[in-house]
Amino acid sequence: MTAVASTLAGERRSQSEEMTHPGVAAFEAFVADLRSLYREGRNIPALWRGIASRLEGLARNESFRRLTDGWPEGDGKQYVVHVDAEYGFAIDALVRGPFHKAPAHDHAHTWTAYGVIAGWERVTRYVRTDDGSDPKHAVLQEVSSDICHAGGVDLVPPWSIHTESNDDNRAVALVVRSENLGGFDHTAYRDDGSIFAARGLIRIDFPITTGIR
Ligand SMILES: [Fe+2]
């Protein structure tokens, strides 16, 4: 490479380094970390404890939080940020406006790490107290209800029945799932206990750089 070409390449590199938002860099390092956890071949619960702990690190990263400040509210939409071609996990973002409340639901057979990046959400968990024999009706009992503040992560194992809700605040969550939504049904429960199947929210592709000003 000539001296001029080498200088140009150097300039180009430093320009692109300047253009990389530190929150984007944090996200890319996070994805690389998750991929190494998968590569280690841990058993599933240990893998997900590791994912939850890495997500907690990202959720406490101020640059990443700032990156999400420009993300638009998307009730009814799931922002798909990354689907891992090799390991199958998916990362999506949910930006809730005030007074959002999901019906009680599970995530079927999948694992989920739910990280609150900004604002807060209440996570309420339930168990079925009926014998499970009626496919159309269930009796749910609340077993816990906790506020998950920004920087916190809720790990949701398969079949765990829960709701997420907020109050008069905007809430941003980054969610790691063992597989992308859309290909299987969740079980959801209305307040009267009737059961319905749901495929999840509308999904849209959402590059991590969305909202950088
Ligand atoms: Fe959920």
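Start by selecting the face where two helices meet: Ala 26, Phe 27, Phe 30, Asp 33, Leu 34, Leu 37 and Tyr 38 from helix 2 touch Leu 47, Gly 50, Ile 51, Arg 54 and Leu 58 from helix 3. Contact here is C-beta atoms, placed from the backbone, within 7 Å. Helices are DSSP runs of H or I, at least four residues, strands are runs of E, at least two, and both are numbered from the N terminus.

By class, this contact has nine nonpolar, one polar and two charged residues. Nonpolar covers Ala, Val, Leu, Ile, Met, Phe, Trp, Tyr, Cys and Pro; charged covers Asp, Glu, Lys and Arg; the others, Gly among them, are polar.

A word on what you are looking at: this is a predicted model, where local features need pLDDT of at least 70, side-chain atom pairs count only at pLDDT 80 or more, and totals for chains, interfaces and linings use all residues. Residues are numbered from 1 along each chain as its sequence is written.

Now look at the two helix axes: they come within 10 Å and cross at roughly 170 degrees. That makes helix 2 roughly antiparallel to helix 3 (angles over 145 degrees count as such). Axes are lines fitted to C-alpha atoms, for helices over the stretch in contact, with angles from 0 to 180 degrees between N-to-C directions.

Six strands form an open sheet in the order 7-4-9-2-1-12, with mixed pairing; strands pair if DSSP finds at least two bridges between them. Strand 7 and strand 12 (202-205) are at the edges with a single partner strand each, so one side of each has no neighbour in the sheet. From one strand to the next, the twist averages 25 degrees. Helix 3 packs on this sheet, touching strand 4, strand 7 and strand 9.

Zoom in on strand 1 (77-83), which pairs antiparallel with strand 2 over four bridges. Click Tyr 79: which residue of strand 2 is its bridge partner? Ala 93. Ala 93 also touches Trp 71, Val 81 and Phe 206, among others.

Conventions
Parallel < 35°, antiparallel > 145°, perpendicular 65-115°, else oblique. Lists of a residue's contacts leave out its neighbours within four places in sequence.
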